[in-house]
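This briefing goes through a set of points to check against the sequence and the 3D view.

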Number of protein chains: 2
Amino acid sequence: MQDIFVKDIAQYLGQEVRLKGWVRNIRSSGKLLFIIFRDGSAEIQAVAFKPEMGEQAFEEAKRLTLESSVILTGVPQKHQKKTGEYELSVSSVQVLQIAENYPISKKEHGPDFLLSHRHLWLRSTKQWALLRIRHTVYYAICEYLNDHGFFRFDSPILTPNACEGTTTLFELEYFDEGKAYLSQSGQLYLETGIMSLGRVYDFGPVFRAERSKTRKHLTEFWMMDAEAAYVEHTENMDIQENLIRHVIRTVLAKCDKELDILERDKSALQAADAPFKRMTHYEAVEHLRSKGSEIGHNDDLGAADETLITEGSQVPIFIEKWPKQIKAFYMKRDPDDDNLVLGSDLIAPEGFGEIIGGSQREDDYDQLLSRMQAENMDLEAYQWFLDLRKYGSVPHSGFGIGLERLITWMSGVHHIRETIPFPRMIYRIYP
Amino acid sequence: MQDIFVKDIAQYLGQEVRLKGWVRNIRSSGKLLFIIFRDGSAEIQAVAFKPEMGEQAFEEAKRLTLESSVILTGVPQKHQKKTGEYELSVSSVQVLQIAENYPISKKEHGPDFLLSHRHLWLRSTKQWALLRIRHTVYYAICEYLNDHGFFRFDSPILTPNACEGTTTLFELEYFDEGKAYLSQSGQLYLETGIMSLGRVYDFGPVFRAERSKTRKHLTEFWMMDAEAAYVEHTENMDIQENLIRHVIRTVLAKCDKELDILERDKSALQAADAPFKRMTHYEAVEHLRSKGSEIGHNDDLGAADETLITEGSQVPIFIEKWPKQIKAFYMKRDPDDDNLVLGSDLIAPEGFGEIIGGSQREDDYDQLLSRMQAENMDLEAYQWFLDLRKYGSVPHSGFGIGLERLITWMSGVHHIRETIPFPRMIYRIYP
């Protein structure tokens, strides 16, 4: 007899198989016992019939509780009512463990209760669907980059200095070397990688010790930073657009069931897979002001502005050419206007906000040095970064995607905390 | 005219193309100028001929120095002497930046000099090859797991407690929640994931604040932890063996040129792709003692023992069934001998040492509790972990691969520090 996964059940119709997993739900009705069974790969309804199983085995099976572990033997059949679905006609039930009274029920639990029971909450159907979408989004990103000449180049987490300011850094003692900081972004390190491999990316955890309590903030989250030599501002946006459209198509193709579980409006994702809009920061501000926002021409967009700007747009919008004083020191000046930099933010539709930040980088040694001096940066600590402009500097660009924000958009969930297995927030480090 | 990458050169023979990159080396001989040109994807020899280029352009091109950035226009042709190789017949040279006197030359530099210049050292041919092998090994692991029902499940880095002891942990202040620690392993968290997804893995950075100065230690390194429900000890080793053999085959198939650059003995890797040997810890100790080791039956294997045990073996060796007192609290006891646990270490041949540690996990609540009590662990901090044995506990197993140790073996390099872009060691956190 074969041990199989539920996902493969259609290949074994009429053959006796064995399934190993857990009880999602159970109810009995006279001589029938209905077990909603899951094994991690999928769910199936298993039906036990007393006269076939025998009284003793049937009564034993009736003891099963929510989340009990169990091995079922039976014959897969087409579901009698639902086309495209299957059920298992059970011949025997091997109980591994009768679970204690399971703390998570169908009733509404508060977020604090669920987060404190995150190790169990992960088993619920929606969380299962989110974890699978996370996997799919992660590899859709890697796949696009690997197919387009990018190589993985893991930036360090422990760094001697800060990428952008120091107020939001976690710090620790590093042996006898003094303080070290957890990386907020691998971007600067990636710029060394392009000089070796041409195009590189990292994709790992980054950290922000920010006292933000919004539904879009985590203190530990996953970031993909990509960087490419000889790519300039417009091509940089082209790469981002093609990458995001690849992710949308992959999620729609591979996660149909998961999106149904999450009640995600798939037509909105389908509509987003079309040419993205592009507007300058100046145009965006004009547009926002015409819609009632009080944003000024040297202001960053707030969350409300991000929602307003994409109102009525089915596709994401690039906002490019930002005032230099509100963007990072490493962005390249716009050759047409010295007050602007060649940066772009990509804003998702449906109010999901910014999902990518990118820019062409300053490749001129003197320009970069004066920007760093103006920001009072420790030049000695960044000597290695300045070196890149001395030994064969080239035009180059890059961008960073916050994985959890992208998953939030793909899945349509309200709060970012559900998009990562164990969210870390200002008041949350357990479990 | 088309912008292309050097790796694609064979498709453009006889057509004028443009290449963007750097000067690896340059020499002139009368009316000829030979530029070893690289663009990250590959290298090519470019040949400029003064009568064709014109005197002024030729003299301009002669100014190029090591690592200068340059755009070459020319026509790819078959190399006149080397079959299977190509060269570029240059028609024009656009100099972007003449690099300053490049600090890394052909002469021998000490390791400290190279590590302090890691941001430039990465460009050298051997480091380029190692970075590409790292990429290949990383995705070979992911590919095997994704094809065998495992889902990515990113364990947290910031944790409230220690996985195995606390003496080798980096600690930091986590807002008002007290101390947090950088994860040494995501394994315990993965055990929550199998209860949702069946089979899971993480693959990210982990940290050990260990004052070790050997050539096999980093303080920050990448670890893949895998965990599978309903998999027991022997199948756990089968999965590891198939995974490692898949990695060997992938590296041989995709990194032929890189292995040549590193002068790796490919026949040794080919020979390792055969059934692995398995012996118990008891047998291993007997064998080591017969060869002169003074190891005792309750001792861990030292580095010298690991080299000795694989002497004469072309394949890796599993050492299984260890004395429980030298292995972690979460390993399941051997049902045949209560003094042993169902753990296994996989030792690479050629003296490359341990590359995987794995075990079946203790799934019985009372047994696990007593092991944790015996080790004076903080039970409240691990309540979530104990919960997994209350709500549908199942037999399960897992293992962890140190990415850099595996790359060290695949590439044959002597020191682990070259297998990661920016190595972190006890005296090294810059750049």
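This is a predicted model: local features need pLDDT of at least 70, side-chain atom pairs count only at pLDDT 80 or more; totals for chains, interfaces and linings use all residues.

**Salt bridges within chains**

- Over all chains, the structure holds 72 salt bridges.
- One of them joins the side chains of A:Glu43 and A:Arg24, with N and O 2.7 Å apart.
- This pair links distant parts of the chain, 19 residues apart: A:Glu43 is in strand S4 (residues 43-49) of chain A and A:Arg24 is in strand S2 (residues 17-29) of chain A.
- Because A:Asp256 lies in helix H8 (residues 256-261) of chain A and A:Lys266 in helix H9 (residues 266-272) of chain A, the pair ties together parts that are 10 residues apart in sequence.
- A:Asp256 is partly exposed at 39% relative accessibility, whereas A:Lys266 is buried at 19%.
- In chain B, a salt bridge at 3.6 Å (N to O) connects the side chains of B:Asp387 and B:Lys390, and both residues are buried.
- Salt bridges with shared partners join A:Lys324, A:Lys332, A:Arg333, A:Asp338, A:Glu362 and A:Asp363 into one network.

**Contact between chain B and chain A**

- On the chain B side 98 residues are in contact, and they meet 99 residues of chain A.
- About 8,200 Å² is buried between the two chains, and carbon and sulfur atoms give 63% of that area.
- Within chain B, the residues that lose the most area to chain A are B:Phe175, B:Tyr230 and B:Tyr391, which together make up 10% of what that side buries.
- Four salt bridges are counted between chain B and chain A.
- A:Arg211 and B:Asp176 meet through their side chains in a salt bridge of 3.4 Å, N to O.
- Helix H5 (residues 125-147) of chain B supplies nine residues, the largest share of the side of chain B that touches chain A.
- By class, that side of chain B has 54 nonpolar, 20 polar and 24 charged residues.

**Strand S14 of chain B and its partners**

- How many of the seven residues of strand S14 (residues 317-323) of chain B are buried? Six are, so strand S14 of chain B is largely enclosed by the rest of the structure.
- Strand S13 (residues 277-280) of chain B runs parallel to S14(B), and four bridges join the two.
- In that pairing, B:Met279 stands opposite B:Ile319 of S14(B).
- Strand S16 (residues 337-348) of chain B runs antiparallel to S14(B), and six bridges join these two strands.
- Here B:Glu320 stands opposite B:Ser344, which belongs to S16(B).
- In a regular strand, side chains alternate between the two faces of the sheet.

Terms used:
Residues are numbered from 1 along each chain as its sequence is written. Chains are lettered from A and ligands numbered from 1 in the order in which they are written. Side-chain values use heavy atoms; hydrogens and water are left out. Buried means under 20% relative accessible area, exposed over 50%, partly exposed in between (1.4 Å probe, protein chains only). Two strands pair if DSSP finds at least two bridges between them. Contact means heavy atoms within 4.5 Å. Buried area is the accessible area (1.4 Å probe) that two parts lose on being put together, summed over both. Ala, Val, Leu, Ile, Met, Phe, Trp, Tyr, Cys and Pro count as nonpolar, Asp, Glu, Lys and Arg as charged, and the others, Gly among them, as polar.
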